[in-house]
Amino acid sequence: MALLSMQDISKTFPGVKALDQVNLDVQQGEIHAVVGENGAGKSTLMKILSGVYPHGSYNGEILFDGAPAQFANISDSERQGIIIIHQELALVPQLSISENIFLGNERAKSGVIDWRETNRRTEQLLAKVGLAEAPSTLVDNIGVGKQQLVEIAKALSKQVKLLILDEPTAALQENDSRKLLDLMLELKAQGVTSIIISHKLNEVRYVADTVTVIRDGMTVSRLDAKAGLSEDEIVRDMVGREMTHRFPEHQRSPGKLLLEVRNWDVWHPEHTGRQVIRDVSFAVRAGEVVGIAGLMGSGRTELAMSIFGRSYGRNILGSVKLNNNEIDVSTVDKAISAGISYVTEDRKSLGLVLDETIRFNTTLANLEGVSSGSVLKRNDETKVAEKFKKALAIRTPSVFQKTVNLSGGNQQKVVLAKWLFTEPEVLILDEPTRGIDVGAKYEIYTIINDLADQGKGVVMISSEMPELLGMCDRIYVMNEGALVGELNAEDASQERIMSLIVNK
Amino acid sequence: MDLAQSDTNPAPQVKTKSIGQYLSSHLRQYGLLFALIAVMAFFQIVTDGTLLRAVNVTNLLLQNSYIIIMALGMLIVIVSGNIDLSVGSVMGFIGALAAVMIVNLDQSVPLTIVACLCVGGIIGAAQGYWVAYWKIPSFIVTLAGMLVFRGLSLWLLEGQSVGPFPKEFQILATGFVPDIFPVSWGDSLANLLEIRRVKHVNMLALFTGIAAAAMIVWIGLRQRAQNRLYGIEDEPKIFFFARNTIVAAALIFVMYKLSLFRGLPNVLITMGVLTIIYAFITETTTIGRRIYALGGNEKAAKLSGIKTERLTFLAFTNMGVLAAAAGLVFAARLNTATPKAGFALELDVIAAVFIGGASMSGGVGTIIGAVVGAFLMGVLNNGMSIMGIGIDFQQMIKGLVLLAAVIFDVYNKNKQG
């Protein structure tokens with residue numbers, strides 16, 4: 001029996017046809033995956049389903065639970081049991097878990113909250129999602145993975161009939177992701193129907209019963225995943241072409257020793273006495289791509305940011321050598337001028353000034369390169385931005401486009417352009433392909449290979465192990481702030497990396 | 001005739017559409033200019049031409065000079081993502097300091113001016129230090145500063161007004177630049193135009209106006225040519241010429257009016273030069289660019305190697321110096337320092353900056369916008385006073401104008417987003 005049937009949904013924005021007669025049928029009790037490249041129209045479809053775009057602003061029919069549904073807003077759809085959990089979590093960090101779960105839905109008698117009932121129900125829900133935290137814990141104090149579970153507990157508190165998860169594992173570690181996916185399967189066993197939107201095809205294969213592929217605002221295919229489905233099949237439908245190689249073929253020959261970090265120690269910026277990075281030493285050769293694998297919280301980002309101008313931590317000890325000379329990386333601009341660049345994992349809040357243009361962002365880290373005597377030469381600036389637009393294939397009508405309007409992949413290219421313009425010798429890339437689609441990932445990988453060919457050293461931090469295995473010459477494995485192993489490309493496998501992490 | 005028509009007919013059709021699109025995406029800039037023109041036209045009519053009489057135009061500039069001087073600094077503070085509530089008090093305090101130094105302690109005028117500007121800088125730096133390096137919200141720090149400096153001026157003046165100032169101090173605000181051209185030129189022009197009551201036209205003011213207008217048009221043309229060269233989205237020809245004609249004509253008109261009274265006020269020169277300097281700094285220097293980046297996304301700016309703390313510190317220091325300059329002009333204009341001087345003026349300054357299109361969250365705003373915003377408020381004040389509208393209604397109307405301007409901004413942004 002179909003729980004949900006969206007028929008011939010079309011939606012136009014001024015100048016763009018976002019959805020063109022899209023069909024989506026979700027059976028009762030299944031996990032249905034909706035996949036597609038960024039900008040394919042998945043989010044728009046979900047916004048229509050959840051009432052963000054109200055009935056009347058689109059064409060087509062929605063049948064939910066056997067009856068036509070015409071949602072005017074989100075609370076309409078929630079009342080019917082359709083709950084959407086967005087990529088950006090909608091929790092209030094300063095409130096406790098129980099307060100968040102019952103936010104807007106408080107267990108109260110005439111406005112007075114019944115705390116005993118609230119906490120009792122919270123404990124039940126937390127047990128259901130497998131989260132061992134006290135209901136009074138502040139959401140701020142738990143990690144992203146656990147926050148995701150709180151969101152699901154919140155959805156369960158509302159008598160959910162259809163649970164929609166939008167990129168639920170985008171910010172999660174491999175093992176947290178796995179836990180979440182297992183929870184989805186468990187909820188399915190309890191009769192909850194869910195829709196998952198994801199870029200990670202291995203996860204889609206793991207949980208989904210049915211896959212709907214959307215491309216350019218149209219339904220391309222509806223695949224049955226129960227019988228087994230290969231990632232290549234899905235990718236083919238997503239991009240409209242066969243993608244035999246997810247990673248560009250490449251031969252590399254690393255040269256001389258470029259970057260050497262020795263005995264690096266970092267303490268937590270607030271909790272004095274808590275050491276975040278312990279005695280880390282590593283090296284990068286010219287023309288080499290070095291990966292850093294590890295779980296979230298293992299200290300990878302902290303390591304990178306503490307090296308990059310002490311952007312994280314305090315009481316930092318250790319030495320950094322570039323080309324055998326010790327360099328001063330005590331501030332960000334010193335690190336930049338020494339030849340180190342760091343591409344953050346969070347391009348929106350740490351990488352870009354979103355309300356400004358591509359040109360503005362491209363030159364931001366090297367304004368000296370486009371000015372004389374601190375007066376900007378704006379024509380030079382335009383030339384630089386145009387050059388990178390072409391070199392990195394940033395898809396935009398002009399470099400005067402605001403970066404907020406770009407897709408994730410193009411935003412990431414702008415961030416890369418900014419750092420390439422500083423002409424670094426070593427680039428540290430933190431989750432360089434997070435949240436961007438398959439096609440754009442491939443392009444980013446190609447750029448990384450080109451950089452290595454030019455003799456630059458690349459450090460790549462990633463939570464996606466296939467990516468590290470596909471791209472890196474060597475992989476360091478990090479756990480709890482220390483390096484626990486080093487693998488050459490040919491010896492590395494997901495299993496070996498995981499066993500290094502687990503065994504310490 | 002036929003040929004010409006067939007040539008020109010298809011073109012306008014295409015253009016009309018692009019003009020419409022251009023207008024809707026740049027509504028804010030034009031809206032502000034049109035609002036200023038509309039408000040001036042309105043008051044010119046309802047005050048029976050009093051608004052644009054030579055004396056009143058001069059007055060309008062003098063009355064708003066200190067607001068504009070402070071708006072320049074405030075724009076930078078607001079673009080950097082902060083706010084400064086203390087400027088009214090600091091302005092009053094500096095006026096009091098100047099009065100005590102000159103009138104009570106018999107210090108020389110130049111020494112007093114230098115000392116006052118330095119003290120302003122130190123005040124700004126002291127506040128900026130807490131905001132920049134201790135991350136204390138600027139709202140709190142400057143709210144504290146507002147109280148402290150209000151109290152300090154009361155203490156310094158012992159609750160009394162102190163004045164009058166010597167002539168050489170007064171000319172800061174009320175002086176005029178002497179005409180360097182032969183008097184006979186001005187006389188003959190006055191005769192030629194058959195202006196009664198005016199014996200002499202100040203040629204310096206007139207020529208300065210024409211020169212400035214020519215300069216603006218020239219810079220605009222050059223910019224436009226360069227934009228075209230790089231294929232940057234350009235404003236339609238009609239808009240470019242209409243805008244430049246209006247601005248140039250307005251400039252010449254204002255200068256002409258000034259020339260019929262006493263010529264160029266010293267304050268106008270100060271104001272004009274400062275506006276040009278600050279517009280240049282914000283638009284075409286690395287430090288200006290970095291301030292926009294700081295306000296747009298502080299964390300991203302920091303990770304791009306920008307010394308965000310130092311910039312915030314400098315923004316407040318600069319604000320202090322400009323508040324001091326405004327304080328000197330204000331005291332010189334009133335010819336006395338009173339404990340109430342500058343009271344609630346920070347709100348006018350902040351309002352001017354927001355009317356000029358700056359964003360509360362930082363990263364957005366222009367010097368020209370802030371100056372035009374300040375003028376808009378000034379014309380409203382002046383026009384309503386001439387009409388004899390009570391201070392009660394004046395406050396209400398100003399409040400509603402501020403709200404309307406910001407609503408217009410937000411509406412525009414939503415429509416585009």
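What percentage of the 504 residues in chain A is buried? The figure is 47%, where buried means that 20 or more other C-beta atoms, placed from the backbone, lie within 10 Å of the residue's own. A residue with 12 or fewer counts as exposed, and anything in between as partly exposed.

Before going on, the ground rules. This is a predicted model, in which local features need pLDDT of at least 70 and side-chain atom pairs count only at pLDDT 80 or more, while totals for chains, interfaces and linings use all residues. Residues are numbered from 1 along each chain as its sequence is written, and chains are lettered from A and ligands numbered from 1 in the order in which they are written.

Chain A, then. Its secondary structure comes to 17 helices and 24 strands; these are DSSP runs numbered from the N terminus, H or I of at least four residues for helices and E of at least two for strands. Along the principal axes, the C-alpha atoms of chain A fill a box of roughly 70 × 50 × 50 Å. Of the contacts in chain A between residues at least 6 apart in sequence, 67% join residues at least 24 apart. Contact here means C-beta atoms, placed from the backbone, within 7 Å.

One sheet in chain A to look at. Four strands make an open, antiparallel sheet in the order β14-β13-β16-β17, with pairing requiring at least two DSSP bridges between two strands. At the edges are β14 (275-285) and β17 (325-326) of chain A, each pairing on one side only. Seven bridges join β14(A) to strand β13 of chain A, residues 257-267, in the antiparallel sense. Across from Leu257(A) in that pairing is Arg285(A) of β14(A). Helix α9 of chain A, residues 300-307, lies across β13, β14 and β16 (314-322) and runs at about 70 degrees to β14(A). For that angle, axes are lines fitted to C-alpha atoms, for helices over the stretch in contact, and angles run from 0 to 180 degrees between N-to-C directions.

Now chain B. Here there are 18 helices and zero strands. Buried residues are 42% of the 417 in chain B.

Chain B also has a domain assignment, with bounds from an automatic or database source: domain 1 is 29-175 + 265-412, and domain 2 is 176-264. The centres of the two domains, over C-alpha atoms, are 26 Å apart. Ten residues of domain 1 of chain B are in contact with nine of domain 2. On the domain 1 side, α4 (54-79) and α12 (266-284) of chain B each give two or more residues, and α4(B) gives the most, with four.

Last, the two chains together. In the model, 25 residues of chain A are in contact with 21 residues of chain B. On the chain A side, α10 (332-338), α11 (347-351), β20 (375-376) and α13 (378-391) each supply at least two residues.

Methods:
Contact = placed C-beta atoms within 7 Å.
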